[in-house]
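Dear colleague,

I am handing over the structure below for your use. My findings follow it, grouped by region.

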Amino acid sequence: MGAVVNKRSAAKANVQWMQNLINGGKIPTVPVGKLYIDEPIRFPAKNPCGRIRTSGGAGYPMDYHGQISGPISEIVQITPGQPCFIVGGAGLYSEEPLYLTHEQAAAESEPASAIEIEGRDPPATGRHRFGNMLVRRWESLGKALNGFYEKVGSDWVFQEDENHADNTVWHDCETFQCNRLFWSKNQQAVNHVFRDCRVNGLGPEIDFVAFDIERGGCVKFPGLIVEQSQFTLIRVTDYSPNNCDFEGSVFFDRFLNPDTNLCVFEYAGNPAYANFSKWILDIRIFSALQLNPIENHVLYRVPVDMPRDYWNVEIRHIPQN
């Protein structure tokens with residue numbers, strides 16, 4: 001049986017169709033239309049662990065309109081709290097246009113990320129390529145886990161393991177109605193590159209966090225475009241001198257909201273550890289909105305004793321009357 005699109009009742013059969021292809025070492029092609037699923041699609045602990053092809057284009061999310069709607073390949077997760085993909089191996093490539101949506105907006109009690117990357121060794125997880133994805137109604141586009149799922153009987157049981165989940169490129173991806181771009185809970189989840197990505201609103205305004213790094217780091221983000229008026233670029237928790245580097249460039253669009261705020265760096269860790277936590281920031285931001293004056297905005301949410309020896313942050317805008 002093949003994929004069945006635009007039919008919610010086919011969710012379980014669609015999971016089986018796609019999972020059987022992946023488990024058999026074959027490459028699934030996501031057809032045009034809504035492919036409903038009710039469980040995560042799991043990529044095995046192999047090197048490489050798979051590839052995805054699609055049949056549609058990209059564009060941006062919109063309700064169906066017969067005059068201007070074009071072909072798009074969409075996977076819709078219908079189970080609350082469940083991701084779309086769980087990646088257990090190395091070298092997953094998905095770079096053709098793909099739209100990943102969740103039927104429900106992410107809830108604090110059941111946060112679901114579109115793509116979860118397991119931490120494990122062997123194989124050393126990571127070295128993935130994700131490109132040209134539109135993701136909507138997720139906690140984040142990507143999440144680096146501090147462990148992996150192991151099948152025990154009929155259940156998937158999470159086993160803690162902070163190995164790898166690293167060295168991955170995300171390019172030309174966009175978020176809509178999400179809370180984060182990347183969420184890392186793995187200390188070894190280093191060297192993630194987000195190239196030419198865009199974060200969009202399309203819903204109630206929230207304090208969006210681009211890179212929520214509870215553990216891990218060394219993230220690069222050239223060409224990040226921001227269409228969220230309440231925006232935090234980087235939030236960190238645990239410090240390690242092995243993964244404390246952030247480099248990138250940002251375009252911050254013009255917003256009319258009176259509560260518009262750009263926060264470059266936030267520390268969510270123990271305040272007692274702040275005075276020896278030396279992060280490296282090399283960031284250039286262009287703001288299309290004159291932050292008036294820029295000092296009135298909360299650029300940094302950090303303890304006063306946090307060192308700034310290696311902070312190189314340049315914010316540009318043209319003064320206006």
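In this predicted model, S184 stands opposite I213 in β20. The strands concerned are β17 and β20 (residues 207-217), which pair in the parallel sense over six bridges. Both belong to an open sheet of nine strands with parallel pairing, in the order β3-β6-β9-β12-β17-β20-β22-β24-β26. At its edges stand β3 (41-43) and β26 (300-301); each has a single partner strand, so one side of each is left without a neighbour in the sheet. Helix α1 (residues 11-23) packs on this sheet and touches β3 and β6 (85-87). The direction of α1 makes about 5 degrees with that of β3.

Further strand pairings

Parallel pairing also occurs between β19 (residues 198-200) and β21 (residues 219-227), which are joined by three bridges. Here N200 has E227 of β21 as its bridge partner. Strand β21 is in turn joined to β23 (residues 245-252) by six bridges, again in parallel. In that pairing, the bridge partner of I225 is F251 in β23.

An antiparallel case is provided by β13 (residues 147-152) and β14 (residues 155-160), with six bridges between them. E150 stands opposite V157 in β14. The two strands form a hairpin with two residues between them, and G153 in the turn has a positive phi of about 65 degrees.

Aromatic rings and the nonpolar core

The count of aromatic pairs comes to 18. One of them is formed by W170 and F182, whose ring centres are 6.3 Å apart with 50 degrees between the planes, a tilted arrangement. This pair links distant parts of the chain: W170 lies in strand β15 (residues 169-171) and F182 in strand β17 (residues 180-190), 12 residues apart. Both W170 and F182 are buried. Ring pairs also link W170 and F182 into a cluster with F130, F194, F211 and F221.

Which residues touch the most other members of the largest nonpolar core? In that core of 68 residues, they are F85, L100, F211 and L233. Leaving aside neighbours within four places in sequence, the contacts of F211 include the aromatic residues F182, F194 and F221. F211 is also in contact with L181, V219, L224, L233, I234 and R235.

Two charged side chains sit over tryptophan rings. The charged end of R42 is placed over the ring of W156, 4.0 Å from its centre. The charged end of K143 sits over the ring of W183, also 4.0 Å from the ring centre.

F276 is found in the loop between β24 (261-267) and β25 (280-287). Apart from neighbours within four places in sequence, F276 is in contact with Y239 and P307. The C-alpha atoms of F276 and Y239 are 9.0 Å apart, while the two residues are 37 apart in sequence.

Backbone features to note

D121 and P122 are joined by a cis peptide bond with omega of about 0 degrees. The peptide bond from P122 to P123 is likewise cis, with omega near -10 degrees.

Positive phi values also occur in residues other than glycine. N132, in the loop between β10 and β11 (133-136), has a phi of about 60 degrees. At 27% relative accessibility, N132 counts as partly exposed. D196 has a phi near 55 degrees and is placed in the loop between β18 (193-195) and β19. D196 also counts as partly exposed, at 42% relative accessibility.

With kind regards

Note on methods: Residues numbered from 1 in each chain as written. Predicted model: local features only at pLDDT ≥ 70, side-chain atom pairs only at ≥ 80, totals over all residues. Heavy atoms only, no water. Phe/Tyr/Trp six-rings, centres within 6.5 Å; stacked < 30°, edge-to-face > 60°. Helix = DSSP H or I, 4+ residues; strand = E, 2+ residues; numbered from the N terminus. Buried < 20%, exposed > 50% of the residue type's maximum accessible area, 1.4 Å probe, protein only. Lys NZ or Arg CZ within 6 Å of the ring centre and 35° of its normal. Contact = heavy atoms within 4.5 Å. Pairing = 2+ DSSP bridges. Core = buried A, V, L, I, M, F, W, Y, C linked by side-chain atoms within 4.5 Å. Axes fitted to C-alpha atoms, helices over the stretch in contact; angles between N-to-C directions.
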